[in-house]
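Try each one yourself before reading the solution.

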Amino acid sequence: MLNVSYGSALPGEGQDFGLLGGLIFSALPPIADTPAFAHIAMARLDQDALLCESLHGNGVIRTGLLNDIHYRFNDHLLFGIVTIDENLFAGTPKQDGTPLQIATRQAYRHIFSLLHAQGFPYVLRFWNYMADINAVTDDLERYRQFNLGRQQAFAESGQAVAGNVPAACALGTASGPLTITFLAGRQPSVAIENPRQISAYDYPEQYGPRSPLFSRASVATVDQHRIFLLSGTASIVGHETRHTGDVAAQTTESLANIAAVLTEANLKTNAQCALQALDYIVYIRHAEDIAQVRQIIEQQVGPAVRAAYVQADICRADLLVEIEGSAALSAN
Ligand code: 3EB
């Protein structure tokens with residue numbers, strides 16, 4: 001049996017067996033060196049603690065390190081972490097792109113070649129984190145530089161640049177290098193789009209010279225389990241940001257998008273995934289907005305909702321909140 005569980009177990013609390021890896025969100029750097037966990041420099045807002053998201057699978061876990069990618073895998077899934085210092089590319093000629101673009105391109109190329117070599121060609125989900133995501137350098141917002149590098153690497157690595165693309169999120173940290181984590185499988189997963197939104201790979205050019213590459217969710221069936229991974233979901237309808245400046249309305253719109261993605265996923269697969277089945281991470285741009293956002297989520301999903309709240313920059317400067325989620329359900 002595979003036991004993929006996201007939760008708040010701390011590394012070292014008897015959970016190492018079957019540990020595929022995870023992410024630790026905290027404002028302070030980690031006190032111990034934990035290569036199975038990516039450190040994401042974001043303050044937790046709902047508790048005076050760090051947030052640890054971990055992924056577990058049964059059976060023998062093997063580990064590896066290639067091109068600065070730390071990875072762990074069992075028979076079914078591989079989880080990897082890459083961090084890359086874009087300053088290494090500070091001297092690159094301008095026509096090759098900005099340092100962040102080149103770092104992104106290289107990181108993604110390395111990820112795809114690792115996955116090819118290890119026999120896990122199907123990515124379910126990418127998590128992308130970078131500092132100063134909304135800052136403009138070389139006349140282009142850094143998130144848009146990242147999109148350029150990501151698009152180049154997908155194309156160069158023979159990955160689809162539309163249609164069946166992985167779920168993802170892309171968020172701004174307070175500090176730290178470009179950090180990308182990923183979960184890949186041996187079998188294809190199902191990419192879900194949102195009928196209320198234009199697919200991100202079809203966004204018009206006003207959001208940058210190259211589109212973001214992600215689907216709204218992915219559903220994978222792994223060893224009797226169905227894994228549901230919801231991408232970062234924000235207050236976008238069509239391709240436009242809705243409710244600029246109104247964090248409460250943005251939260252409600254994001255939840256409407258999540259409900260639409262779940263409906264679509266349940267139609268496209270035989271998953272029966274409800275809003276209440278997910279574990280959520282809620283990214284909030286302005287820390288002081290947490291009470292409002294939390295109240296709406298608890299009211300609309302239910303008081304027992306499992307959600308953790310962190311401070312983050314969202315990839316569009318006018319977005320104030322973004323919500324992602326995950327669930328591992330029995331496939332029966
Ligand atoms: C959006 O819907 C909001 O670039 O990988 C959400 C999820 C967003 C993933 C990404 C961006 C990404 O466009 C932003």
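**Exercise 1. Find which backbone atom the side chain of D46 reaches, then work out the setting of D46.**

*Solution.* 
Step 1: The side chain of D46 reaches the backbone nitrogen of Y309 at 3.1 Å. This is a predicted model, where local features need pLDDT of at least 70 and side-chain atom pairs count only at pLDDT 80 or more, while totals for chains, interfaces and linings use all residues. Residues are numbered from 1 along each chain as its sequence is written, and side-chain values use heavy atoms, with hydrogens and water left out.

Step 2: Now check side chain to side chain. D46 makes a polar contact with R44 (2.9 Å); that term means a pair of N or O atoms within 3.5 Å, where within protein one must be able to donate a hydrogen and the other to accept it, and residues adjacent in sequence count only if both atoms are side-chain atoms.

Step 3: Skip the neighbours within four places in sequence, and D46 is in contact (heavy atoms within 4.5 Å) with I290, R294, A307, A308 and Y309.

**Exercise 2. Decide whether D46 is buried or exposed.**

*Solution.* 

Step 1: D46 has 16% relative accessibility, so it counts as buried.

Step 2: For scale, D46 and Q250 sit 204 residues apart in sequence and 19 Å apart in space, C-alpha to C-alpha.

Methods: Buried means under 20% relative accessible area, exposed over 50%, partly exposed in between (1.4 Å probe, protein chains only).
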